[in-house]
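Please open the structure in the viewer and keep the selection tool at hand. The stops below proceed from one selection to the next.

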Amino acid sequence: MLNHVSNNSNSCTLLLFVVRHYSRIQPPRPVSVKPVIRVSNNIARLDAPKEGPKPRQLLSLPPFPGHPLPAKSSNSGPGQRDYVTAVNWIKYYFKGTWGSVIESHFREGLVQMEGLVAADSYTRKETLMKSMRKIRPNEVMEHGARVHVPVSIAETRISKRYDAIPCGTLYPNADEIKYLQRLVIYKDSAIIVLNKPPKLPVKGSLPVHNSMDALAAAALSYDYDEGPKLVHRLDRETSGILLLGRTKDSASHLQWLFTNINNAKSSCKAWNDACEATYQRYWALVIGTPKEKEGVIHAPLSKVLLNDGKTERIILAHHSSVEPRQEAVTEYRVLGPKINGCSWVELRPLTYRKHQLRVHCAEALGTPIVGDYKYGWFVHSRWKQMPRIDIEPTTGKPYKLRRPEGLDVQKGSVLSKVPLLHLHCRELVLPNIAKFLQVLNNSSEELHSSLSQQPDVLRFVATMPSHMRISWNLMSSYLV
């Protein structure tokens with residue numbers, strides 16, 4: 001009888017040992033550590049040993065696409081194998097970040113890498129925890145390798161001045177012209193690239209005078225007779241890279257590229273390859289986190305009219321609906337874990353529909369963008385904008401929200417009462433239209449010798465506006 005009870009007790013103990021796991025909501029108790037002798041102010045006492053550096057929130061870079069990188073010149077000589085090191089890959093992705101900041105993260109051992117893992121989500125999670133390792137700056141990147149860096153690598157200083165918005169006049173004054181010219185991040189004979197601020201409309205109508213197209217025509221013509229023309233559009237509240245064509249030919253070719261890539265192709269193979277390399281990447285802060293860390297959204301869109309046709313709204317199209325529909329495809333990738341109820345997401349649209357990213361985030365993923373009250377009003381009304389406990393997924397430890405001192409968080413950031421839209425067009429890769437313009441216009445069969453040395457594609461990275469940079473710095477939390 002005693003043996004039977006003992007066997008039952010052992011089996012119960014074994015069963016409890018097998019199924020025991022720690023909840024992410026309530027982390028495990030800290031492990032007791034043997035006290036050590038510590039001396040301070042010439043007084044010795046028994047105390048716990050000093051804690052090491054606390055883990056930081058990690059940011060996941062996209063899989064290494066392989067060499068050559070778009071708009072990245074080769075540094076290898078003839079006959080040498082071309083490669084990209086880890087430090088050059090991070091500097092390429094975080095273009096505009098100080099190289100000393102990136103190198104300091106390598107010296108402190110904060111940059112880690114994971115290898116290629118299986119597609120199964122459970123296997124991927126288990127392998128991810130085992131394969132993470134610290135890397136050196138001169139380590140050669142392999143195709144598909146993923147690098148993880150602390151969010152602090154992309155932190156930036158916040159200006160205490162508010163972003164100025166030009167007044168609603170048809171003819172901007174000298175100060176407004178200087179302000180608009182400071183937004184230019186690139187200019188050549190064919191295009192102008194701007195870092196558009198939020199709350200500035202791109203296309204104006206009769207009551208709207210301070211739109212980007214009208215202001216650009218008045219302030220950004222430089223030595224041309226006509227002002228630049230819009231190639232694509234951004235929403236009024238969206239910030240980031242805005243492309244303008246300085247001539248009718250360059251604007252029309254690039255508009256075809258953003259409308260249908262097949263219509264933009266020609267008999268020039270180099271131009272066609274550059275068109276295939278074209279992409280846009282957005283950064284957005286969403287409420288919640290998608291169920292899958294990355295994926296592709298195939299969700300066609302339809303437009304409906306409300307209030308007797310006075311307003312319009314974009315919705316996901318239904319198969320049984322008789323409304324006209326447009327195909328819409330978006331790639332997405334979660335940059336890091338959820339902090340304060342929100343997650344940073346990288347979006348890459350493969351089609352260019354009105355409000356595509358906002359509708360896909362709100363309705364397809366169920367995670368509306370912070371500040372998008374048109375498509376995420378219900379979630380915003382239930383979302384409590386206050387610090388909350390978020391658990392790091394692999395260790396089960398809580399994050400502590402870092403709130404920098406002396407920072408005005410009421411400038412539309414995630415902690416303000418009414419946040420601004422957190423959607424930013426961060427990166428753009430497109431063909432070097434100035435190089436191929438003569439070939440596309442059939443005025444020449446071959447490239448001019450002076451243009452042959454120019455790159456086939458151009459890459460631009462725009463810094464986030466102030467309210468998104470504040471939110472980014474606030475979300476750079478660390479483990480308690």
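Select Arg 281 to begin: at 15% relative accessibility, this residue counts as buried, where buried means under 20% relative accessible area, exposed over 50%, and partly exposed in between (1.4 Å probe, protein chains only). The model is a predicted one, in which local features need pLDDT of at least 70, side-chain atom pairs count only at pLDDT 80 or more, and totals for chains, interfaces and linings use all residues. Residues are numbered from 1 along each chain as its sequence is written, and side-chain values use heavy atoms, with hydrogens and water left out.

The side chains of Arg 281 and Glu 346 form a salt bridge, 3.9 Å from N to O; the term denotes a side-chain nitrogen of Lys or Arg within 4 Å of a carboxyl oxygen of Asp or Glu. This pair links distant parts of the chain, since Arg 281 belongs to strand β11 (residues 279–287) and Glu 346 to strand β17 (residues 342–349), 65 residues apart. Helices (H or I, at least four residues) and strands (E, at least two) are DSSP runs, numbered from the N terminus.

Next, select Lys 354 and Glu 312. Their side chains meet in a salt bridge of 2.2 Å, N to O. Lys 354 is in the loop between β17 and α10, while Glu 312 is in strand β14 (residues 311–316), so the pair ties together parts that are 42 residues apart in sequence. Lys 354 is partly exposed, with a relative accessible area of 47%, and Glu 312 counts as partly exposed at 24%.

Proceed to Asp 456 and Lys 435, another salt bridge, whose closest N and O atoms are 2.5 Å apart. Asp 456 lies in the loop between α12 (433–440) and β20 (457–461), and Lys 435 in helix α12, so parts that are 21 residues apart in sequence are tied together.

Move to helix α10 (residues 356–364), which is mostly covered, with seven of its nine residues buried. The buried residues are Gln 356, Leu 357, Arg 358, Val 359, His 360, Cys 361 and Ala 362. Just after α10, Gly 366 has a positive phi of about 75°.

Rings of Phe, Tyr and Trp (its six-membered ring) pair if their centres lie within 6.5 Å; planes under 30 degrees apart count as stacked, over 60 as edge-to-face and the rest as tilted. The count comes to eleven aromatic pairs. One of them is edge-to-face: Tyr 373 and Trp 377, at 6.3 Å centre to centre with 65° between the planes. Tyr 373 counts as partly exposed at 27% relative accessibility, and Trp 377 is exposed at 57%.

Select Phe 64, Trp 89, Tyr 92, Tyr 93, Phe 94, Trp 283, Trp 344 and Trp 472, which ring pairs link into a cluster.
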